[in-house]
Number of protein chains: 6
Amino acid sequence: MSKIAIINPNMSAGFTNKIREQARKIAFPHNEILALNPRFGPDSIEGYYDEAFASVGLLSVIREIDPTGIDGYVVACFDDTGVDAARCLTAAPVMGLCEGALRFAQALAGRYAIVTPMAVSVRPLEHLVRKYGADRDCVVRAAGVRTLDFEGVQAARAYEALLLAAQKSLREDDAEAIVLGCAGMTDIADRLKADLGVPVIDGVQAAIKMVEGMASLKLATSKHSTYGYPPAKPYHGLFAGFEPVTG
Amino acid sequence: MSKIAIINPNMSAGFTNKIREQARKIAFPHNEILALNPRFGPDSIEGYYDEAFASVGLLSVIREIDPTGIDGYVVACFDDTGVDAARCLTAAPVMGLCEGALRFAQALAGRYAIVTPMAVSVRPLEHLVRKYGADRDCVVRAAGVRTLDFEGVQAARAYEALLLAAQKSLREDDAEAIVLGCAGMTDIADRLKADLGVPVIDGVQAAIKMVEGMASLKLATSKHSTYGYPPAKPYHGLFAGFEPVTG
Amino acid sequence: MSKIAIINPNMSAGFTNKIREQARKIAFPHNEILALNPRFGPDSIEGYYDEAFASVGLLSVIREIDPTGIDGYVVACFDDTGVDAARCLTAAPVMGLCEGALRFAQALAGRYAIVTPMAVSVRPLEHLVRKYGADRDCVVRAAGVRTLDFEGVQAARAYEALLLAAQKSLREDDAEAIVLGCAGMTDIADRLKADLGVPVIDGVQAAIKMVEGMASLKLATSKHSTYGYPPAKPYHGLFAGFEPVTG
Amino acid sequence: MSKIAIINPNMSAGFTNKIREQARKIAFPHNEILALNPRFGPDSIEGYYDEAFASVGLLSVIREIDPTGIDGYVVACFDDTGVDAARCLTAAPVMGLCEGALRFAQALAGRYAIVTPMAVSVRPLEHLVRKYGADRDCVVRAAGVRTLDFEGVQAARAYEALLLAAQKSLREDDAEAIVLGCAGMTDIADRLKADLGVPVIDGVQAAIKMVEGMASLKLATSKHSTYGYPPAKPYHGLFAGFEPVTG
Amino acid sequence: MSKIAIINPNMSAGFTNKIREQARKIAFPHNEILALNPRFGPDSIEGYYDEAFASVGLLSVIREIDPTGIDGYVVACFDDTGVDAARCLTAAPVMGLCEGALRFAQALAGRYAIVTPMAVSVRPLEHLVRKYGADRDCVVRAAGVRTLDFEGVQAARAYEALLLAAQKSLREDDAEAIVLGCAGMTDIADRLKADLGVPVIDGVQAAIKMVEGMASLKLATSKHSTYGYPPAKPYHGLFAGFEPVTG
Amino acid sequence: MSKIAIINPNMSAGFTNKIREQARKIAFPHNEILALNPRFGPDSIEGYYDEAFASVGLLSVIREIDPTGIDGYVVACFDDTGVDAARCLTAAPVMGLCEGALRFAQALAGRYAIVTPMAVSVRPLEHLVRKYGADRDCVVRAAGVRTLDFEGVQAARAYEALLLAAQKSLREDDAEAIVLGCAGMTDIADRLKADLGVPVIDGVQAAIKMVEGMASLKLATSKHSTYGYPPAKPYHGLFAGFEPVTG
């Protein structure tokens, strides 16, 4: 039995609820799932500026709950916001949605496409894909909608745009599977798979499975070099209270 | 509940037993584990020649058991022998040990080393690592022992050689975690981790967790393009009876 | 004078005959050309599954004829099926069609396109191109026909589709030369070159020239590490009789 | 005449003073140099955790001074902390020390080494070097000292360790020039160059020259896609007050 | 105060004048600018053949003026003709237009396009972009005009073609900035920037700023290994008089 | 029957004679071999400066003899001096020693080392290896001797140094074959192979075989784009008389 924390680095409680629901539905029954978000920061993450603030929010949550015995973390953002810093802060395995989704996609298809809501995310995601060594097999496409369009009255139109972008990528990029490029799409994976007839990989689900796997094997993040604990030192002003204590 | 088949592509029953034991020990309790090997082929896999024959053996096992409802396959060889062909033959997810181990290592360390028994395996594994997009973070080192030395009277000496090679890699390659480069080492992961003080990733365990995860999410291999079912056609002579039927 | 064996890894005798004819036509007159195919296996090679079986057939032919003093081998399949294993089995140079064609194309053009019959081959060929370090200069395109369409009544239509695909690649990919992506096209290189006005490289011809060159210089495959002889060990069942004897 | 802000993302005033002094010494005389640090955050940056907090500090400074008409920014940290987010926040050019130093090194030497104080920085810097496309020509080595050792009583010993590490890299890595891998070394570039006899590139100086150049040409960061202004949205709690206003 | 020589490697005096004018307009006022071209060679550089001859012309100019105390060189050709050889000949920093422009573009945009006059230059420039490590972020497009069309009566039409090619690249390649792929376009950067609404980077201006920066810091080309002085030896016939004397 | 010209781009007649002798010894008997050198230029090629002048010499020879019906060219320099320009000037295939040697080495070994005389050549050769897509499998090592040491009284000592460097690379780099990194070593390939026990690939021999192969197949350099004929234009002064006439 493992205790898995899935942390939405933004402040949207609706979003956190959706992720919690999905996570509990697909987690192995013997595992306990916590879904949390920071107490401060932006309502959504769209680009590097929001990411910088959301990273601190993410770390604040981990600082708080890590001593309670968490066996693994999922960072519920497709930009993998703050994942490197989180890996320094805790010895429990940490997985972002993009990395998790790519690892499954690489095993299921020879070429695949990430379909993300906004065009502005394409280049940052391409950088992430390259960091994970998947750039030769993965393309990134945008549906031309806002992330929040997948909620409420816009949802039908947003889904339609996503479906069209995915179909175009299957046709023109020879994609063989689709990766959902946003945590907020976690509840449409099944529908999209039915409509497309190819595997659809959702990062929320993939990252949870990766972390459940690592946690059950008692695998830990290496504390040598890259992800070593942050060395102790004072933090000041707004960030007094966040100073590293473990290193 | 998923039914996972772990197939040792060589004929060594002792090896198959060891893998079955490990797999059952670490699999999620709700999953059923089959461990099998072909009825023909080599006793071990050392290099491309053995691989060619073992691939056919692997496929013969999958042909036989796939209709019984397997939810996922692990190919229990660190060379990932026949994995691409297996992905064509079945829609269930298929994972080799090298790919599985690398996916966990990439999340747990910034740099890691595969330690494999024989020097002759270093170059083929480097090619595999590059295929999986991990060549910038992963080095491959040899312990200078035979695979079978890990069984029987040589086991103590073989372990010692492995330990030395791993320590050297931590020191000289700045490796932060060790990946066991052979299925036959699956039972020494814990001991090596204790001796080294860094994460030790065993491909048998990692690949099973990856496949358990994909199977529980009902993820399937894409049948478009790269891993499409083999087109139907006659096979002759020795291989009559192995002709594709599904494509 | 060298003795060159060109081995078609599939069972199609018509195909073997066509290759023999081409090979004898273009080989240096002082060289002896053998063209052979295995006595078992698939009628054609379309994807990884067929390749696994054809590799064993290829190796069976080499086992048989290597002791008769072969100076070099061509594997007459554009997927380079079994080439790595063949390099382990014999010390004579071994060349596949894709590798041979790329080596000439790299010297003759700054960018070039492989045009292959079926779309399903595109991704596997892209992987091969990457393995050979040519992925930055080479694109892979499909003509949308079956391999066997180049024989018999479909031949005119197949040629037309190939021509269109090649013209499109010259125009849209800025390809400067065309590589024929299938052994079965070996007899249309001249016609296509005349129709396109750019160099057309046929793997059968290129690979023979590479092997004639290496053979005349008495160059051998290195037996250190990667392509070392397979270590001796028993093979069982269907594969009893194929055990390595040299290593 | 340009107004260049050089921002030390950590809280060390001594460090900021040293950088200011160097910057004013080497800046073109017609340019105005501001040297600043945030009012909150860590005293130094050692690893991803410190970086996450320092990024927010950096952004806070830019928010404050950007409306006063800054023509270009240097982020005075060799980890290029927060540079991507800063490029979103302002249209003025932004340069980190690592990127700046590499651009000069690439023009002055065929191979070069970054020498950084602590071993723990090697892997993160290697990732950065790769991001900047310089990984084939650049190695990263550690001197085995703390960043702060370059101040005060340890300074002589720290310099000696750096010198030895640089000499070793010239000898063993065939490095042809040395890049100082820490902002705190900015005042020893001349001495090291004299002791080594090869070019020594200091990121503080290089980044200032790059930014002075871009600023004098009125070059701006593209606001299309990757570095577009952050879209307006509410920020909460600790970060209320940091919400984007321009997008 | 630095003395910067900008050398047009071809014989077009009109071209040299245009570059001199631009260089003097944008150089820092304390710097002295020389603009020169060889006394022999081709009138323009279009492809590898012209480059071979223009390289010798370039070197002849440097041989003549280097002893007069030049602090830095710009090679005013976007093919970076002869830059490597020039770096051997002098210790002063040497920068080509392509390298200079890319270094600024990399800091100002996540993806950018070089727009060059003739289609025939696309592949050679792609090779150059790859050499500089920028191939993952940079595309090369042709406007379909001759270099000299930017002078005289064709100028309006040439500008129109360039504008269309740049707009197409912004739209279809997701380019975020435009790099002018020819020295002869140096005077249209401002107009194009106004018409496009994205940063336009001119290699003449960028390379001068890079060299002014390196020169003001007294940075020199490393004389170890790659760019070491040419070893002394006799040259004969047409090239008697060009023998290296310094090495 | 083909007419193959092998051009030594430097002025050393002794060198040209040695290459002629080797080329005639190993060429297919039906082929005619011309060995030539320019009438002007340096006595040897050591670095980029010599290369620039030798390239022009090489082109001058091709201009003169191409109209006499040459079927293929070998540029007898391991730096592949002027090969790209030569490919523009003629439609006959052109091959340099480095490219030729690498193509054979890639087929004969999984990893191989170029052993070159001087340390100063290591970086330029590494760049060439990368251009040819072989950098992942090839290392470059220096023997620490001068090129001309392989002639006359120093020959025994030079051979010894080369042997030691090669043995070190087999041992420490896991090289499986050796590539001779200088045209002047062409006569020691057999001796070194006997002393090392691994394949030794000589660029002179390999390039001739590649060109003989392409020439016998009537393969030509593509005249589209990259290697198109140089456009006609006037050349002035020293280079009047070298203007392109074909384009």
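Across the interface of domain 1 and domain 2 of chain A, four salt bridges are found, a salt bridge being a side-chain nitrogen of Lys or Arg within 4 Å of a carboxyl oxygen of Asp or Glu. The model is a predicted one, in which local features need pLDDT of at least 70 and side-chain atom pairs count only at pLDDT 80 or more, whereas totals for chains, interfaces and linings use all residues. Residues are numbered from 1 along each chain as its sequence is written, chains are lettered from A and ligands numbered from 1 in the order in which they are written, and side-chain values use heavy atoms, with hydrogens and water left out.

The domain assignment, which comes from an automatic or database source, divides chain A into domain 1 (3-97 + 206-239) and domain 2 (98-202), and the C-alpha centres of these two domains of chain A lie 22 Å apart. In domain 1 of chain A, 19 residues are in contact with 27 residues of domain 2 of chain A, contact meaning heavy atoms within 4.5 Å. The two domains of chain A bury about 1900 Å² between them, 59% of it given by carbon and sulfur atoms; buried area is the accessible area (1.4 Å probe) that two parts lose on being put together, summed over both. On the side of domain 1 of chain A, the residues that lose the most area to domain 2 are A:Lys18, A:Glu46 and A:Phe78, which together account for 35% of what that side buries.

One salt bridge joins A:Arg87 to A:Glu99, with the closest N and O atoms 2.9 Å apart. Between domain 1 and domain 2 of chain A there are also 13 residue pairs in polar contact (both at pLDDT 80 or more), where a polar contact is a pair of N or O atoms within 3.5 Å; within protein, one must be able to donate a hydrogen and the other to accept it, and residues adjacent in sequence count only if both atoms are side-chain atoms.

Between chain B and chain C, 40 residues of chain B are in contact with 39 residues of chain C, and the two chains bury about 3700 Å², of which 68% is on carbon and sulfur atoms. B:Tyr48, B:Tyr49 and B:Phe53 supply 20% of the area that chain B buries against chain C, more than any other three residues. In one salt bridge, the side chains of C:Lys233 and B:Asp50 meet at 2.5 Å, N to O.

Chain B can be laid on chain C with an RMSD of 0.0 Å by a turn of 180° and a shift of 0.0 Å along the axis, the copies being superposed by least squares on the C-alpha atoms of residues with pLDDT of at least 70 in both. The two copies are thus related as by a two-fold rotation axis, and in chain B the C-alpha nearest this axis, at 3.4 Å, is that of B:Ala52.

Between chain F and chain D, four residues of chain F are in contact with five residues of chain D, and about 440 Å² is buried, 33% of it on carbon and sulfur atoms. Three salt bridges are counted between chain F and chain D, and the side chains of F:Arg130 and D:Asp137 meet in a salt bridge at 3.0 Å, N to O.
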